[in-house]
Amino acid sequence: IGKEKFHKSQHWGYCNNVAMLIGEGKPGIGGEPLPGQKLKSTYSVFPEGVGSNAPVWVAFDKQVLSFDAYFEEEVPYKNQELYRIRHCKIYFYLEDDTIQVIEPRVKNSGITQGTIVRRHRIRLPPPHEDQFYNIDHFNINIEVIIYARKYKIIDCDQFTKNFLRKMGVRLNPPTGRPDDPYTKERQKILDSMKPLRPYERIDTLKQFLDHDGHVLRFFCVWDDPKSMFHDPRELVLRYYLSDDTIDIKEIIPVNSGRDAVPLFLRRDKLPKYAPTGLYQPGTNTSRTVLNVLGKSGHYILDNRKTGAVHQEFYRDSDLKIGAVINVWGRKVILCDCDEFTKEYYRTRYGIEDFTPVLFKAPPPPKPEKMFPPYTGFGSEEDSLCSCKGLLPKPPQKDFKKFMEKDRSGMESNILRFLAKLVTDSPIDKDRKFIISYFLSDDTISVFEHTEQNTGILGGKFLERGRIKKPGQELFKSKPSEYFSGENLFVGARVCFHGHNFLLVDADEYTFNYMEKHANEFSVADIGVILKKLKDVTELRSQEIRQVFAATDPEHTKVIKYEPFRDLIVSITDGVFSEHEIRTLGRYYSVREEYEMDLHFLLAVAQEQLKKNNFENFEQLSSVLIYNDREKCGVLPHETCRTICKSFKLPLAGDDLQALLTMFQDDRKQVEYKKLVDGLNWRKNQIPAFRMIKDPLKTEDDWRGQPPSFAVKRIKYLPLLDDLFGKEE
């Protein structure tokens, strides 16, 4: 019958949106209650739909009601007390209706304290032992019975009060906490007792905890009168704030002849001595002991310190710059201190004057080291290294610069210029040279372009190496100056070992590198160029506007590069170099739509990606979308280039640059979605290469390097607006 009742009363249902075996409130067949079953009311104080639908262990996670309570415990085996008042805490956990009772531990109580009732659900006292305690059974100034022990709730915390009020519970006023009679009586006895041995407490723990590791450091000097040469002895005094002790260390100069000792004065309290001399051992103690019972050997401490010897020690208030302290009969002058000591005295005592005491003359200035002139044997750097030490060492190269500027992947870090000889010889006028400047070690090499039927053999014209600037003395002490990257730009005249060259052009990589590192190359810094041009043309703004308007009679707002260059040269009277004019034209140039066929570029790029098995197009697209904070579909040119390089795309730097240029708009923002779709050879494969519609014509062969894209048309209105402001 018991099993049948259990199976009939237990059903599968849902509790807090979780399927479980429940059945205390489930009726039998026809809705009739089962034998012995008590149906509970299903109404709620809150209307349906109010509050969260989350399970209770989620909605009330880490929420606990805390009640202050006490209970009386009988003491039948002692005459001093009949009962005890024991204070405790009752915790009600909202997530699962469990209860925990904890008694705070009291020192020297002699009672086992701590957890009285472990956390679990507790049944109500009879005759309702079939039910459990819930939130409705708790309030202030009521009694609850837990396992036959009666607890009186006297108060609760603020969170509990607020929660019960929200649940519609009217709180009773809190009651006072009763005192334990025996504890109160015992405290009176302890207060009235006078100990026979008064204890003098000397507490140094707080000072140690507050100032542990804090040390004041002073730089001192002691003029030893017994020294033969009366030279001052330099000392370092350290005052430890944790226990008011002092130690002194001597600074022994090199080759002074003195023995090196660890400390001049070991760490201890430094006394201020009286004229009578030292005290005998046992005279000065921290406590005074009195013998009150003669030979019996009973002693007590003297609170009044009758006959005690008071001795003063140096404290932090006695130490300051310029003070003279007595270190066991030696007069030591405090001359200076460190920054921590200055800050300590500034905040603690308000001292602001920390002028050091000068006790010795400043050292004479070191004579400038002069090197002998260059002899002509070997390199200048190698000869200079033999003069810096007894053991000659090879000259050290700039390894950091070599690692940063050496060839890395598609980055060559080589600046290439097209040059011509500056000569009157009709044979040498048409000779063309390629000057390569290596950024890793500042070396230069020159190759001559091969021309048929000229009678001149092309190839290597000058071996790679550093080239000195002309007009320098050969045998001198100072190192020679060499050509650097700042000296090479389009329009520059350079002399290499007696050969005068005119740099007439550069490849696209050189222009891009110099514009990216404009802080190193002033001729490629558009800000410097605009400021320089504005200083020259500021007083002729109206005239210059008319000159540009006359060059554009059809009002297309665009002019060709050649008349633009002639205008800049005439306006600046030849002050601008060719490279500065080229930088200005590149910045305000009109991007040609079909300078190079887009399909051809994509076909070449897809072929390279396919050969290298590159398929991370989804990750590349995700990174580009992540960097697009405004979700506008475009990113800056440099950002796209950096992200593509981080994925190690197997594309040449110039090819990647051309592709990004093709997909950027007028504001130089790259449409990265179209770029990734064009490179994706899996989904958008271009079947075959197409020929370039408008191939670039250039007479200069860069020996495998792509030529620089020619600047054809210039938008002059933005230039005029940047120089003189927008015209009203």
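**Charged pairs and ring pairs**

For the labels, buried is under 20% relative accessible area, exposed is over 50%, and partly exposed is in between, with a 1.4 Å probe and protein chains only. The model is predicted, so local features need pLDDT of at least 70 and side-chain atom pairs pLDDT 80 or more, while totals for chains, interfaces and linings use all residues. Residues are numbered from 1 along each chain as its sequence is written, and side-chain values use heavy atoms, leaving out hydrogens and water.

Which residue forms a salt bridge with Asp318? The partner is Lys272, with the closest N and O atoms 3.0 Å apart. A salt bridge here is a side-chain nitrogen of Lys or Arg within 4 Å of a carboxyl oxygen of Asp or Glu. The Lys272 pair links distant parts of the chain, 46 residues apart: Lys272 is in the loop between β12 and β13, and Asp318 in the loop between β14 and β15. Helices (H or I, at least four residues) and strands (E, at least two) are DSSP runs, numbered from the N terminus. Lys272 is partly exposed, with 29% relative accessible area.

By this rule there are 38 salt bridges. Another of them joins Arg233 and Glu250, at 2.6 Å from N to O. Arg233 lies in strand β10 and Glu250 in strand β11, so this pair ties together parts that are 17 residues apart in sequence. Are these two buried or exposed? Arg233 counts as buried at 14%, and Glu250 counts as buried at 11%.

Next is Arg466, which meets Glu381 in a salt bridge of 3.2 Å, N to O. The two are 85 residues apart, with Arg466 in the loop between β20 and β21 and Glu381 in helix α7. Both count as partly exposed: Arg466 at 44% and Glu381 at 28%. Elsewhere, salt bridges that share partners join Glu73, Arg86 and Glu103 into one network.

Arg466 also lies over the face of Tyr482, 3.9 Å from the ring centre. The charged end of Lys78 likewise sits over a ring, that of Tyr182, 4.7 Å from its centre. The criterion is NZ of Lys or CZ of Arg within 6 Å of the ring centre and within 35 degrees of the ring normal.

Now the ring pairs. Rings of Phe, Tyr and Trp (its six-membered ring) pair if their centres lie within 6.5 Å; planes under 30 degrees apart are stacked, over 60 edge-to-face, the rest tilted. The count comes to 24 aromatic pairs. In one, Phe218 and Tyr345 have ring centres 6.0 Å apart and planes at 70 degrees, so the pair is edge-to-face. Phe218 is in strand β9 and Tyr345 in helix α6, so the pair ties together parts 127 residues apart in sequence. Phe218 is buried at 1%, and Tyr345 is buried at 4%. Ring pairs also link Phe433, Phe461, Phe483, Phe496 and Phe501 into a cluster.

Beyond its neighbours within four places in sequence, Lys161 is in contact (heavy atoms within 4.5 Å) with Ile140, Asp155, Cys156 and Leu171.

Last, the chain totals. The protein chain has 19 helices and 26 strands. Buried residues make up 34% of its 728 residues. Among contacts between residues at least 6 apart in sequence, 56% join residues at least 24 apart.
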